[in-house]
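Biologist: I have a new model on my screen. Please show me how to read it.

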Amino acid sequence: MTKSAVPRRHLPSSPFKAPVEQPIRQFNVGDRVSHDEHGLGRVVGIEEGIAVLVDFGSVQKRVLSPYTKMSAL
């Protein structure tokens, strides 16, 4: 079974609640972050709405938006 690329439309008359869209996380240069795969790091660069560059000590990674695996500390 494949997943449709188009999001489902919510009907106003539906008895089910509309899905809530998560707000886009914002990071600033210098913020400490935790990533599920890479661990602790510090934001060293920002590409507005696209990605952030994070220094994890031994490696720098470009993490793409919506940053589902990363959280601010």
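Biologist: In which sense do strand 3 and strand 4 pair, and over how many bridges?
Modeller: A note before the reply: this is a predicted model. Strands of a sheet pair through backbone hydrogen bonds, either parallel or antiparallel. Here strand 3, residues 51-55, pairs with strand 4 in the antiparallel sense, over 5 bridges.

Biologist: Which residue in strand 4 stands opposite Val 52?
Modeller: Val 63 does.

Biologist: What is the order of the strands in the open sheet?
Modeller: The order is 4-3-2-1-5, with 5 strands and antiparallel pairing. Strand 4 (60-64) and strand 5 (70-72) are the edge strands, and each pairs on one side only. From one strand to the next, the twist averages 40 degrees.

Biologist: What does Val 33 contact, beyond its neighbours within four places in sequence?
Modeller: Its contacts include the core residues Phe 27, Val 43, Val 54 and Met 70. Gly 39, Leu 40 and Ser 71 are also among them.

Biologist: And Arg 9: buried or exposed?
Modeller: Exposed means over 50% relative accessible area. Arg 9 has 74%, so Arg 9 is exposed. Arg 9 lies in the segment before strand 1 (32-35). Its C-alpha atom is 9.8 Å from that of Pro 19, 10 residues apart along the chain.

Note on methods. Residues numbered from 1 in each chain as written. Predicted model: local features only at pLDDT ≥ 70, side-chain atom pairs only at ≥ 80, totals over all residues. Heavy atoms only, no water. Helix = DSSP H or I, 4+ residues; strand = E, 2+ residues; numbered from the N terminus. Buried < 20%, exposed > 50% of the residue type's maximum accessible area, 1.4 Å probe, protein only. Pairing = 2+ DSSP bridges. Axes fitted to C-alpha atoms, helices over the stretch in contact; angles between N-to-C directions. Core = buried A, V, L, I, M, F, W, Y, C linked by side-chain atoms within 4.5 Å. Contact = heavy atoms within 4.5 Å.
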